[in-house]
Amino acid sequence: MSAAKTFIETYYPALSTSRSSLSSFYMPASTMPDGKPLPVIVYNGNIIPDPTSMQSLFQEQMPETRYEVQDYDSQVLNPHYVAEGAQGSAPSSGKNMTILVTVSGYVKYGEARSAATRGFSESIVLIPNPDVVGGRGKAGKEWLVQSQNFRLVV
Amino acid sequence: MLQQAPTPPTGPRATRTSARTSERLTSSRLPSRGGIQKRNSTPVRVDRDGDLVMGAAGSGSRGSGSGRGSAAGRGSTQSRRHDPLGVRSHHPSTGIDPSAIQKSILRSMGSDEPVSRGARSSLRSVRGRGRGQDTREGLNRITIKGLKQSKAAGNPDGGVSDLIGFLERKATNPDAPAREAVKIKKSRLEGDILIISVRQEDTPKILRINHYMFAGVELSIQGPHGKPIPLENNADSETPNTIAVLKGVLSRRYNVESKLLDLSQLGSDPELVNIGMFSTTSRESKFFPALMKICNNIFTTAKEKEEAIISVSLANNALPSISSVTTLAQTFPAIRNLDLSNNQLKNLTSLDGWRWKFRKLDHLILTGNPIEAEVPNYKDDMLKWFPSLTTLNTIQIRSPEETKAAANGRLPIPILGPSFRDEASISETFVKQFFPAYDSDRVSLANGYYDAQSTFSLSINTSAPRAPETTDQKMPCWDTYIKRSRNLMKIAHLPAKMSRLHTGTDSIRDAFTTLPATQHPSLIAEPQKWCIECHTVPGLPDPTGQSISGVGGLIVIVHGEFSEVDVSTGQATTIRSFDRTFVLGAGAGIGGIRVVCDTLVLRSYGGHEAWQPEVGDMGGSIQAQTPAQHTIKVPARFAVPGPGKSEEQVQKEVLAVELSKATGMTLQYSGMCLEQSGWNLANAASAFELAKPTLPEEAFVSR
């Protein structure tokens, strides 16, 4: 629950003001068992190949954006998640789970006053950051994006 | 407002030059209230104050007689009662009948001679009957100095009403009967001088107050000025029904065929000059808003207005800024064409009041304004300010497709169709079964797809943006949902968070069956109303417990709309939009799958325009490079249904042909490209553009 809250409170501001940190919100590039790339990022139907591309899209091309999250909800997706490659039993830190977060809000693109208010809907799957959960490093976010689908809906 | 305008000067005004008039038209140093100070609940006095319009209106309106907002409404009441032209007033409108609109406008705007003698004399006779005994009396004008220096000057109306009350109290003999009380018939503020009009017999009583102390200042009272104003005369020749004149002006200046309201060269309009419309600054500043209010009264709905008036010209008005005419944007927000040529608009500030207004403005004319020379790049700003603008000064500056992008906020990457990367048609099958069943049989649905570990929650975004084309201003009601809403932005209480998360078939079924009945649009017949995306996700719980690291599944994201259905009548009621995210995993449900998670977001109707692919842009880029579609050889029986061929296969072949035609790639390469793009044509076309330089010769059909 707090994972979703923390994500909402850090990710959306970062999209506007801290775009150089965007890639740090995502899990490191890897592949699913069937060979498909992770994390999955879909933006208005565009498949963004990796977090670096997402970051540079925002850093280099995206106009000024202001996001307002008006509604979010979250559910535990897998309560007994074991990170790929992790050995033995899951850590007992309470973070051995994956979380589905759904967000509804609006975004304004471009210049301050003149921008239209566009409704968006976003669905995100968060997984624990093994580096932080395992206690091996203090740096980094506790939860990372494994999959993300953004859509303008209004 | 206009109805309260001060007594016009005697004799016709000399015609002013257009420039001079417009200059004055724009300045408004006077208080925002009407010049005539009217007081509360004094219908009789109102009736007798010599002001025709106010007379009838005041008796019909309650409370303050000088509210800006109610002036037009009163005007229409007046007109309905006394005006032979017959302004149509507010009455409920049922449906839209264009011919009726047309007629009503013509009727409302009157004939070519709207202010006929007949009109006026009939007005006079009506008024005469109502006025009683003192129709033969005249009014004297008296000036009072000192208000500006008084302590009352800081009051909301500059102390005018306080001063008038003071004067009336002091001038009235306390022993006299009420009907002899001194009443100030009219008043207006000119600079720091208050000019009042009183009956002749009251004049000495007012003059007696000269040198009285009012709010800490000594008043200086002088008068009477000029000859007493004979009331009959006044009504007949010098206070013509301003509304009728303005209506006449509108009528003359409205072109039915072109739906143009031509408000150019207002300053030299003889009729307006004749009635002294521009004789004082206060009248000038009220003129345009009053004109707009009359326009507003003519139409009962915004739609009528939009259909009747498409173009407005304000050319040749020497406007230094649009500040005196900003109300145009409120009255006619949906006009397509606006002519501002030959004014004195010199920079962006002078246009600022209309920034981001006129959302449908297609053509703007600003020629003959200093802005052309002083702000050479003003075109760029106009493009930003007016999202639908395609044409500036008769020159096309962007395509309609580009304006759509501008209105939406331009994104560096195009809006594409759904990214639907299904596995073995699981998501497709699920969605096709789920939504019809959600409308018809939620119990079976809950039992069939959800198990003991499934979770469902609903959240409401009550303030979500609504579809731009929504004309219904009513806020939708969320009462039936709000107690179930798990909007974590709004609820922080842990028990509420937990109780609004439904886990297991029973709980989910209960939740489903207590939600209002719905009707979703057909997935087949109205696919544009849906945006359905999906892709695979790893790490879902394995119901068999065999895989520690979890199993793969699909995340399905559906954006769409539904109508609530009144079960008793079967009628669709409120229409709402929704976003629903499912995570599907292997399980014991229908088709061997289970719903792991189901989150439903409800919001106000937002339409389905937002996810329509930007075909204009993309099609344009492809066509620009390949002006004609490539001629490709399609093998017999390719892309057509045949024995042993699945529908999916046919669909893929059709897509391959499409892509091949668009790109010139062979069918084989088109197929590969589509495969990599999840069989999404738009994605494949984008991928092709990126990969084009690196593709081998053999990838293309030989030319």
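The contact brings together B:Leu655, B:Ala656, B:Val657, B:Leu659, B:Ser660 and B:Thr663 of α24(B) with B:Leu667, B:Ser670, B:Gly671, B:Cys673 and B:Leu674 of α25(B); contact here is heavy atoms within 4.5 Å. Helix α24 covers residues 647-663 of chain B and α25 covers residues 667-676, and they pack at about 110° with axes 8 Å apart. Axes are lines fitted to C-alpha atoms over the stretch in contact, with angles from 0 to 180 degrees between N-to-C directions. That makes the pair roughly perpendicular, since 65 to 115 degrees gets that name, under 35 is roughly parallel, over 145 roughly antiparallel and the rest oblique. Helices (H or I, at least four residues) and strands (E, at least two) are DSSP runs, numbered from the N terminus.

A quick word on conventions, friends. This is a predicted model, where local features need pLDDT of at least 70 and side-chain atom pairs count only at pLDDT 80 or more, while totals for chains, interfaces and linings use all residues. Residues are numbered from 1 along each chain as its sequence is written, chains are lettered from A and ligands numbered from 1 in the order written, and side-chain values use heavy atoms, leaving out hydrogens and water.

Now to strand β20, residues 593-604 of chain B. How many of its residues are buried? The count is 12 of 12, with buried meaning under 20% relative accessible area, exposed over 50% and partly exposed in between, for a 1.4 Å probe and protein chains only. Strand β14 (residues 455-461) of chain B runs parallel to β20(B), joined by seven bridges; pairing takes at least two DSSP bridges. Strand β19 (residues 571-586) of chain B is antiparallel to β20(B), with 11 bridges, and B:Phe582 sits opposite B:Asp598. Their hairpin has six residues between the strands, and B:Gly591 there has a positive phi near 70°.

Finally, let's look at chain A. A:Ser104 lies in strand β6 (residues 98-109) of chain A, and counts as buried at 1% relative accessibility. Its side chain makes a polar contact of 2.9 Å with the side chain of B:Asn461. Such a contact is a pair of N or O atoms within 3.5 Å; within protein, one must be able to donate a hydrogen and the other to accept it, and residues adjacent in sequence count only if both atoms are side-chain atoms. Beyond neighbours within four places in sequence, A:Ser104 also has contacts including A:Phe120, B:Asp579, B:Val601 and B:Arg603.
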